[in-house]
Amino acid sequence: MKTIRFFCLFLLALITIQTQAQLNKISNLQCEYLVNPIGIDATAPRLHWQMIDNREGALQLAYQVIVGTDSLMVANGSGNCWDTGKVSGSEMLISYQGKSLLPFTKYFWTVTLWDNTQQKLVPSVVASFETGMMQISNWKGEWISDSKDIALKPAPYFRKQFQPSGKVKSARVYIAAAGLYELSINGQRVGDHRLDPMYTRFDRRTLYVTYDVTSLVNSKDVVMGVLLGNGWYNHQSTAVWYFDQAPWRDRPKFCLDLRINYQDGRDEVITSGTDWKTSLSPIVFNSIYTAEHQDARLNQPGWDKSGFDDSKWENAIPVNAPSQNIVAQQLHPIRFVEEITPASVNKISELKSVYNLGRNIAGISRISVKGERGTKIRLKHAEMIGKDGNVNMSNIDVHYRPTDDKDPFQTDIYTLSGEGVETFWPHFNYKGFQYIEVTSDRPVEIQSLTGIFMHTDVPPVGQVSSSNETLNKIWKATNVSYLSNLQGYPTDCPQREKNGWTGDAHIASETGLYSFDGITIYEKWLADHRDEQQPNGVLPAIIPTSGWGYTWANGPDWTSTIAIIPWNIYLFYGDSKLLADSYDNIRRYVDHITDLSPNGVTDWGLGDWVPVKSVTPKELTSSIYYFVDATILAKAAKILGHDTDYKKYSELANKIASAINSKYLNSETGIYGTGLQTELSAPLFWGIVPENLKSKVAENLANRVIADNKHLDVGLLGTKTILNALSENGYADLAYEVAAQETFPSWGWWIVNGATSLYENWPIDATRDISLNHIMFGEIGAWYYKALGGLKPDQEKPGFKNILLEPHFVKGLNSFETSHNGPYGKIQSSWKRIKNTVNYQVVVPANSTATLKLTAKKISQNGKVIFTNSGKVLNQFITVNLESGKNEFVVVE
């Protein structure tokens, strides 16, 4: 019996240990915020992990990171490149500090942790990262093209056939391009990226992409095919931003190295050069801005396969590199993310039908059709439909300046080959649309038409759900507009402009970061900022730019992206690298404004763009953003150890705030300017208001909103501040009433009128500024997390190392749930009202903490009363410090 009892206890202990090992683990290993990336150029790549441990108070006390080139050695706890040893600390983001990394080398790494019980956790799975070129001198290939004629319309094909000289162990393609490309091997498209490489200031920075093609080159004959598109490099359409006159403009070109490692240890590099053959493709015109035209009669079947006769093709020509700064594209790529079947079809005539996707997207349409050879099909993409049933482009083609009728806006043209069912989609374009008008000059049989939502495929990290269905639809519409306008860089709209408007982007950056893992895109875009900044600190209003925007629309209310986005990245990720990389740029920018406006106020900017009705003085809003920039610069200086700058720019920020208050604040009444919503909410939200006047200014703001019938009266800048200023200063119920409105002007007004994305203007019948897929009014998406869910990062412990929790259980809303998967894991905050009681649940991930702030008559935590208001102090707040784990509160209001 004793033996049996001992065995049972031993078995139970073993099961407990195994179960605990499964619950407590190291997960989500990333290098440069990507999973097992290949082709990176970082010399000190950042390594990140998470501790998965549901126990209350779980902490990481120490870690050990091992890096090596042998995966088995690393798995067994030994690395030939870097071994940190046991390091005391709770950080989960470190930079590699081992032996110098070699190019074209795969490194393996693993993490071991010790928790706060001194228990050593099971080491993580082995992760990897692989270096790319590392420096420009490692490129072997030539830059090639087919012509130097920028007016040549058809897109060029390129092909190269060779025979591997042995059994292939591994193979990587490194391809850099000015313009866009698609790569294929033996007729198979390589990768699932779209519109590569991402748009940059081509003459200052060129991106390359790496592919693992090992499985594609293990054949006797290998054919590499490249199809080049214009992209933003050779802009052949004409619009008000003069991209057709860009200083970098040239015929698309590329450079390619295929590096093969054979099983016998030999290496071979197949490169681009003049021995590649080239011919024009069936893509007879392509524009990233307007559309794409294909003539299937010009198809060359098998052009990228072995056995194809290329004797009539020309040799490629050598050309100059677009820049001397060719670096890895280290970000989440654009992909075809979702296919959408039309909700309805309206057949207007035998030759015309209009397809309605039922929702607004950015992307393309794909059609399968059968008809006579030479039949032309036009696919016209629009956001609106007219009373006659035809699509209406009047809201999106206003800035297009065509020189003839050969390049119709957002209209793909396909000429049939007549060879059975043919499928067409554009390779080098995307559009913003809900409707597709399909016309043909002869009867055709349409087999299918599909809408394809395409955008930068950033992983979702946030979720929102509430008892108010209109609020839920607003959140979904916000995400649609955010993603539609994320195409390797943030844009304003996916149809009329496709420009990287700075103001729209910094307003929406928190919205994006709460819901999506966007750091790789913002780091790339801030590099674009650094490329575009002039020596005196000036930035253009749109980035990248052909040169437009340096003299209009680029004041601090817009181009504060240079400071605000690095700061938000620091808050959300706890990573100071982008702040450090951009520090000198922020300083030059702030110094330039100071040179222009030594008195502390500036009217340089656009102002509260597209307001409902009332216009806030541009000098007030621009000066506030000048203050924001100086404040962020001072904070960055402190973080980065620039003590002299910290003092200098802290004093400057105080000077600016004093100048603003001196000119615009009536300290007796607590009113800024004439007391408009933006005039009051912007100083409150951004920290301009003196502490002793905050309650008075907030009361004035609330009264103003009530006087405006609890509706919005703000523009772009005011939408950032109005809901937050109310919620953060005692008027969360009123903020919710504004957010939940369904009559004009409001977000809900759009939704009840059929919107599936956010609009550019409050009236849906506006005569201008009426894109139907704009992100600029998207701050409400972040407000859900911050006010209703109460989730905010703590700048003293950024990256949600400590979570600031202050949920507002607003009247009129019965339940709300939100989550955000931050650097330490998934944070959850949810509540449900039952009469005068609110049940609130919060989950704090392992190795992090939270500071919860609540006000109520009575509060219980996990069944125990922790606070009872005696009634002597109204709205008394209680602060609860939470360790990791799950907590349940019952709040009696």
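Analyst: What follows is a set of questions and answers about this structure, which is a predicted model.

User: What makes G89 count as buried?

Analyst: A residue is called buried when its relative accessible area is under 20%, and because G89 has a relative accessibility of 18%, it counts as buried. G89 is found in the loop between β6 (87-88) and β7 (93-95), and, leaving aside its neighbours within four places in sequence, G89 is in contact with Q60, L61, A62 and Y63. The C-alpha atoms of G89 and L113 are separated by 10.0 Å, and these two residues are 24 residues apart along the chain.

User: Why is N28 called partly exposed?

Analyst: Partly exposed covers what lies between the cut-off for buried, under 20%, and the cut-off for exposed, over 50%. The relative accessible area of N28 is 40%, so N28 is partly exposed. N28 lies in strand β1 (residues 25-31), and N28 has a positive phi of about 55 degrees although it is not a glycine.

User: Why are helices α11 and α13 called roughly perpendicular?

Analyst: Helix α11 (residues 677-686) and helix α13 (residues 716-727) pack at an angle of about 70 degrees, with their axes 8 Å apart. Angles of 65 to 115 degrees count as roughly perpendicular, and α11 and α13 are therefore described as roughly perpendicular to each other. On the side of α11 the residues that meet α13 include Q677, L684 and W686, while on the side of α13 they include G718, I722 and A725. The residues of this contact divide into six nonpolar, six polar and one charged.

User: How do you know that α13 is largely enclosed by the rest of the structure?

Analyst: Twelve of the twelve residues of α13 are buried, so α13 is largely enclosed by the rest of the structure. Among the buried residues are L716, K720, L723, N724 and S727.

User: Which residues touch the most other members in the largest nonpolar core?

Analyst: The largest nonpolar core has 203 residues, and L723, W747, W783, Y784 and L805 touch the most other members. Helix α9 (residues 618-640) gives the most to this core, with twelve residues. Apart from this core lies another one, of 29 residues, among them F162, I175, Y211 and V213. As general background, in soluble globular proteins nonpolar side chains tend to be buried together.

User: What is L805 in contact with?

Analyst: Leaving aside its neighbours within four places in sequence, the residues in contact with L805 include G789, L791, Y840, V842, L852 and L882. Contact here means heavy atoms within 4.5 Å.

User: How do you know that strands β11 and β19 pair?

Analyst: Two strands pair if at least two bridges are found between them, and because four bridges join strand β11 (residues 156-162) to strand β19 (residues 277-280), which run antiparallel, these strands count as paired. Along this pairing, R159 stands opposite K277 in β19, and the bridge partner of F158 is T278. β19 and strand β22 (residues 314-315) pair over two bridges, in the antiparallel sense, and here T278 stands opposite E314 in β22.

User: Why are β14 and β22 said to stand at the edges?

Analyst: The open sheet has six strands in the order β14-β13-β16-β11-β19-β22, with antiparallel pairing. β14 and β22 each have a single partner strand, so one side of each is left without a neighbour in the sheet.

User: Where are cis peptide bonds found?

Analyst: A cis peptide bond joins D196 and P197, with omega at about -10 degrees, and P197 lies in the loop between β14 (188-189) and β15 (206-212). A cis peptide bond also joins I543 and P544, with omega at about -5 degrees, and P544 is found in the loop between α5 (519-532) and α6 (556-559).

Key: Residues are numbered from 1 along each chain as its sequence is written. This is a predicted model: local features need pLDDT of at least 70, side-chain atom pairs count only at pLDDT 80 or more; totals for chains, interfaces and linings use all residues. Side-chain values use heavy atoms; hydrogens and water are left out. Buried means under 20% relative accessible area, exposed over 50%, partly exposed in between (1.4 Å probe, protein chains only). A nonpolar core is a set of buried Ala, Val, Leu, Ile, Met, Phe, Trp, Tyr and Cys residues joined through side-chain atoms within 4.5 Å. Axes are lines fitted to C-alpha atoms, for helices over the stretch in contact, and angles run from 0 to 180 degrees between N-to-C directions. Angles under 35 degrees count as roughly parallel, over 145 as roughly antiparallel, 65 to 115 as roughly perpendicular and the rest as oblique. Ala, Val, Leu, Ile, Met, Phe, Trp, Tyr, Cys and Pro count as nonpolar, Asp, Glu, Lys and Arg as charged, and the others, Gly among them, as polar.
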